[in-house]
Amino acid sequence: MELPRLYLITPPIADGADFAPALAATLAAGDAACLLLRTAARDEIDRKKIIRALAPLTQKHGVACLIADDPQLALKTDADGVHIESDGEPLKAALKSLKPNRIVGAGGLMTRDSAMTAGEAGVDYLMFGGPDGPDGSLSHANIVERVAWWAEIFNVPCIGYAHGLDCVGDLVRAGADFIALGDAVFADPRGAPAAMREFGEILARVSEPAQ
């Protein structure tokens with residue numbers, strides 16, 4: 001079994017310098033492929049400041065840094081790409097402005113048709129579930145079902161959002177290429193590094209052959 005990689009989703013960040021030590025400790029504690037960097041700031045100058053404080057730190061750990069819903073901001077801050085919560089015009093605009101040099105992923109996909117439309121458009125990945133957007137209300141069972149359907153038929157990588165660490169095993173068995181974790185890591189009362197280590201332990205257990 002090829003195990004999925006980790007896709008981290010930060011909480012909305014108001015101050016990049018304040019968040020940097022926690023992010024560095026988190027990334028050092030486990031193996032992540034991507035980080036979706038979310039900002040609490042609405043002003044573009046403040047958003048740029050946050051991204052420029054954290055994107056190089058993320059990339060230094062060999063982790064791709066993506067930002068949410070703003071392709072031009074991704075270009076201006078030298079982020080690795082963007083995550084779009086849509087299969088419509090915003091996604092088309094992101095693909096046009098960022099491909100092939102940067103990553104474009106899609107979420108907010110409420111139906112199978114919308115997922116197939118996004119996949120056919122040329123995205124690098126699809127995400128089922130998530131902390132925000134129209135599909136944030138998808139239950140764990142819904143996400144597992146959608147991941148299993150996609151993984152069996154399509155080649156575009158899919159990400160399954162895990163509401164908690166106890167959801168990870170089901171998503172691995174469903175065939176997710178990546179597991180997305182947000183509050184399950186960053187809001188863990190033990191600290192994010194402990195959650196990162198537990199994620200690695202869960203993958204190791206799931207990969208063990210049945211006795």
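Which residue in S4 does Ile-67 stand opposite? Before I answer, let me say that what we have on the screen is a predicted model, and that I will speak about it in those terms. The residue facing Ile-67 is Val-82 in S4, and this pair belongs to a stretch where S3 and strand S4, residues 81-84, run parallel and are joined by three bridges. Between those two strands comes helix H3, residues 71-76, and together S3, H3 and S4 make a right-handed β-α-β unit.

Let me turn to the other neighbour of S3. Strand S2, residues 32-37, also pairs with S3 in the parallel sense, here over four bridges, and within that pairing Leu-36 has Leu-66 of S3 as its bridge partner. To get from S2 to S3 the chain passes through helix H2, residues 44-60, in a β-α-β crossover that is right-handed. As for S3 itself, which spans residues 64-68, four of its five residues are buried, so that the strand is mostly covered.

My last stop is Met-196, which lies in helix H9, residues 192-207. Is Met-196 buried or exposed? Its relative accessibility is 3%, and because buried means under 20%, Met-196 counts as buried. If we set aside the neighbours within four places in sequence, the residues in contact with Met-196 are Leu-6, Leu-8, Thr-26, Ala-29, Gly-30, Asp-31 and Val-185. For a distance to check in your own viewer, take Met-196 and Asp-170, which are 26 residues apart along the chain and whose C-alpha atoms are separated by 18 Å.

Methods. Residues are numbered from 1 along each chain as its sequence is written. This is a predicted model: local features need pLDDT of at least 70, side-chain atom pairs count only at pLDDT 80 or more; totals for chains, interfaces and linings use all residues. Side-chain values use heavy atoms; hydrogens and water are left out. Buried means under 20% relative accessible area, exposed over 50%, partly exposed in between (1.4 Å probe, protein chains only). Contact means heavy atoms within 4.5 Å. Two strands pair if DSSP finds at least two bridges between them. A crossover is right-handed if, with the strands pointing away from the viewer, the path from the first strand over the helix to the second runs clockwise.
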